Amino acid sequence: MLDNLEKYKVILASGSPRRRELMAGLGVNYEVRILPDVDESYPDTLQGEEIPLYIAKEKADAYIPMMQPDELIITADTIVWLDGKVLGKPRDREDALLMLRTMSGRTHEVFTGVCITTTDWQRSFTAQTEVRFATLSEDEIIYYVDNFKPMDKAGAYGVQEWIGFIGVENISGSYYNIMGLPVQRLYRELLKV
């Protein structure tokens with residue numbers, strides 16, 4: 001369907017297996033390219049949806065000097081936002097447990113910033129999804145962290161895993177955004193290329 005992309009070599013700049021799976025679902029031929037040590041810090045004046053958009057643009061800007069004219073690169077960043085704070089990837093087991101305890105019985109937001117870049121132009125957008133967690137027992141939280149080791153996931157959880165099956169009561173917005181790539185919106189943006 002995205003025949004307009006045939007003039008480009010599409011590159012997904014992400015190490016996330018979930019983003020790779022979601023890109024593959026779009027039916028786009030792409031390759032993965034990962035730069036080590038891209039700075040993911042951001043000014044502390046940024047709030048909510050501004051943060052992943054800023055980071056996605058920073059990631060894209062790191063690739064621009066080495067891009068070829070026929071390349072189109074997609075960068076993304078996802079955060080969990082609760083009580084005016086980012087719940088990023090947990091530092092360790094205790095941090096993961098604390099994040100899940102904090103989200104238990106509450107609604108949080110997931111923001112993903114996406115940047116589509118060529119050597120001639122750059123477009124970006126942010127997707128937002130609200131996620132309501134059921135009240136989780138301590139045993140459920142410990143079981144999930146110890147068995148699924150969610151240390152590589154924003155907010156210490158993967159919605160497509162056990163915790164999503166038993167813990168997510170309600171979602172308002174894109175399910176795939178929670179996984180790290182709002183593919184419906186990305187598809188619509190790629191149609192415009």
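Visitor: In which sense do strand 1 and strand 3 pair, and over how many bridges?

Guide: Strands are DSSP E runs of at least two residues, numbered from the N terminus. Two strands pair if DSSP finds at least two bridges between them. Here strand 1 (residues 9–12) pairs with strand 3 in the parallel sense, over 4 bridges. I11 stands opposite I73 in strand 3. This is a predicted model, where local features need pLDDT of at least 70, side-chain atom pairs count only at pLDDT 80 or more, and totals for chains, interfaces and linings use all residues. Residues are numbered from 1 along each chain as its sequence is written, and side-chain values use heavy atoms, with hydrogens and water left out.

Visitor: Which strands run antiparallel to strand 3?

Guide: Strand 5 (residues 107–117) does, joined by 9 bridges. Strand 4 (residues 85–87) does too, through 3 bridges. Look at W81: V86 is its bridge partner in strand 4, and E109 stands opposite W81 in strand 5. Strands 3 and 4 form a hairpin with 2 residues between them. D83 in that turn has a positive phi of about 55 degrees.

Visitor: Are the faces of strand 3 buried or exposed?

Guide: In a regular strand, side chains alternate between the two faces of the sheet. Buried means under 20% relative accessible area, exposed over 50%, and partly exposed in between (1.4 Å probe, protein chains only). In strand 3 (residues 71–82), 12 of 12 residues are buried. One side includes I73, I79 and W81. The other includes L72, I74 and V80.

Visitor: What does L190 contact, leaving aside neighbours within four places in sequence?

Guide: Contact means heavy atoms within 4.5 Å. L190 is in contact with L2, N4, L5, L72, I74 and I116.
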